[in-house]
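Please look at the sequence and the structure shown here, and then read the short report below them.

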Amino acid sequence: MSHERSVQELRLGLYATPARAEELKRRIEHLLCPDPGHAPPCPVPWSAMLLGLSTQEAREAYPELLDQAQAEPHPG
């Protein structure tokens, strides 16, 4: 197992309103950096972003997620 560091990407598909997605993004950011008020640079280099997907893009990227969202009841 290599101990070399490199950029890693973690993707999370989420069926949610934009407001809920933003709230979850803030929570994940807090996990990565529990002290957002510290002086830069962050001791753990990271970044996070939200990407809204059109229906076709979402269908191609996360087909199982959309199938599940349509099949199961979810809060409004």
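This is a predicted model: local features need pLDDT of at least 70, side-chain atom pairs count only at pLDDT 80 or more; totals for chains, interfaces and linings use all residues.

Residues are numbered from 1 along each chain as its sequence is written, and side-chain values use heavy atoms, with hydrogens and water left out.

The protein chain has three helices and zero strands, where helices (H or I, at least four residues) and strands (E, at least two) are DSSP runs numbered from the N terminus. The radius of gyration of the protein chain, taken over C-alpha atoms, is 16 Å, well over the 11 Å that the globule rule (2.2 Å times the number of residues to the power 0.38) gives for 76 residues, so the chain is more spread out than a compact globule.

| Property of the protein chain | Value |
|---|---|
| Box of the C-alpha atoms along the principal axes | roughly 45 × 35 × 20 Å |
| Accessible surface (Shrake-Rupley method, 1.4 Å probe) | about 7,100 Å² |
| Part of that surface belonging to carbon and sulfur atoms | 58% |

Buried residues, meaning those under 20% relative accessible area (1.4 Å probe, protein chains only), make up 9% of the 76 residues.

Lysine 25 lies in helix α1, which covers residues 18-32, and lysine 25 is buried, with a relative accessible area of 17%. Leaving aside residues up to four places away in sequence, lysine 25 touches Ala48, Met49 and Leu50, where a contact means heavy atoms within 4.5 Å.

How values were computed:
Buried means under 20% relative accessible area, exposed over 50%, partly exposed in between (1.4 Å probe, protein chains only).
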